[in-house]
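Here is a short note for a first look at this model. Please read the points with the structure open.

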Amino acid sequence: MAYLFLLAAIASEVVGTSLLKSTQGFTRLWPTVGCLTAYAVAFALLAQAVKQVPVGVAYAMWSGLGTAAIVTIGVVFFSEPLSPVKLLGVGLIIGGVILLNLGGGGAH
């Protein structure tokens, strides 16, 4: 269950980050409300996840998988370029998350 909270927290953080640009520096009301709400939900879910998942592993997954998702969203929806270096970086991040989990970082 803790990993479901963590995945939901990551998804919510990705939604908040995806809305960040549309807030135009927090000057547009509804995108700002959506962004801040998504971040609040993300942190509430993360707090539940770290009750069972070690905080280092949870944060690595949160930041790594969130980064990979945001890079993908940037390429697909915001026409951001995907260079070989960027692709390698995302691959290394995902590989690091996998290694942390293989190293005994699961829920206890």
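1. Start with helix α1, residues 2–20. Its 19 residues, at 1.5 Å a residue, should span 27 Å, and its end C-alpha atoms are 27 Å apart, so the two agree. The expected span is 1.5 Å times one less than the number of residues. Helices here are DSSP runs (H or I, at least four residues) and strands are runs of E (at least two), numbered from the N terminus.

2. A word on the basis. This is a predicted model, in which local features need pLDDT of at least 70, side-chain atom pairs count only at pLDDT 80 or more, and totals for chains, interfaces and linings use all residues. Residues are numbered from 1 along each chain as its sequence is written, and side-chain values use heavy atoms, with hydrogens and water left out.

3. Which residues of α1 are buried? They are Ala2, Leu6, Ala9, Ile10, Ser12, Glu13, Val14 and Gly16. Buried means under 20% relative accessible area, exposed over 50%, and partly exposed in between (1.4 Å probe, protein chains only). These buried residues pack against α2 (29–49) and α3 (55–77).

4. Now the overall fold. The protein chain has four helices and zero strands. Its C-alpha trace spans about 45 × 35 × 15 Å along the principal axes. Of its 108 residues, 30% count as buried. Among contacts (heavy atoms within 4.5 Å) between residues at least 6 apart in sequence, 64% join residues at least 24 apart.

5. Look next at the loop between α1 and α2, where Thr23 lies. Thr23 has 1% relative accessibility, so it counts as buried. Leaving aside neighbours within four places in sequence, Thr23 touches Arg28, Pro31, Thr32 and Cys35.

6. Confidence comes next. pLDDT is the predictor's confidence in each residue, from 0 to 100. The chain's mean pLDDT is 91, and 95% of its residues reach 70 or more. Confidence is lowest in helix α4 (residues 84–102), at a mean of 86, and highest in α2, at 98. Where pLDDT is low, the predicted coordinates should not be read in detail.

7. Last, the surface. Ile94 lies in helix α4. Its relative accessibility is 32%, so Ile94 counts as partly exposed. Ile94, Ile98, Leu99 and Leu102 form a nonpolar surface patch, with about 410 Å² of accessible area together. The chain as a whole exposes about 6,500 Å², and carbon and sulfur atoms supply 75% of it. Accessible areas come from the Shrake-Rupley method with a 1.4 Å probe; for residues, only the protein chains shown count as cover. Patch residues have over 30% relative accessible area and no salt bridge; like charges are joined within 9 Å, and nonpolar side chains (Val, Leu, Ile, Met, Phe, Trp, Tyr) within 5 Å. A salt bridge is a side-chain nitrogen of Lys or Arg within 4 Å of a carboxyl oxygen of Asp or Glu.
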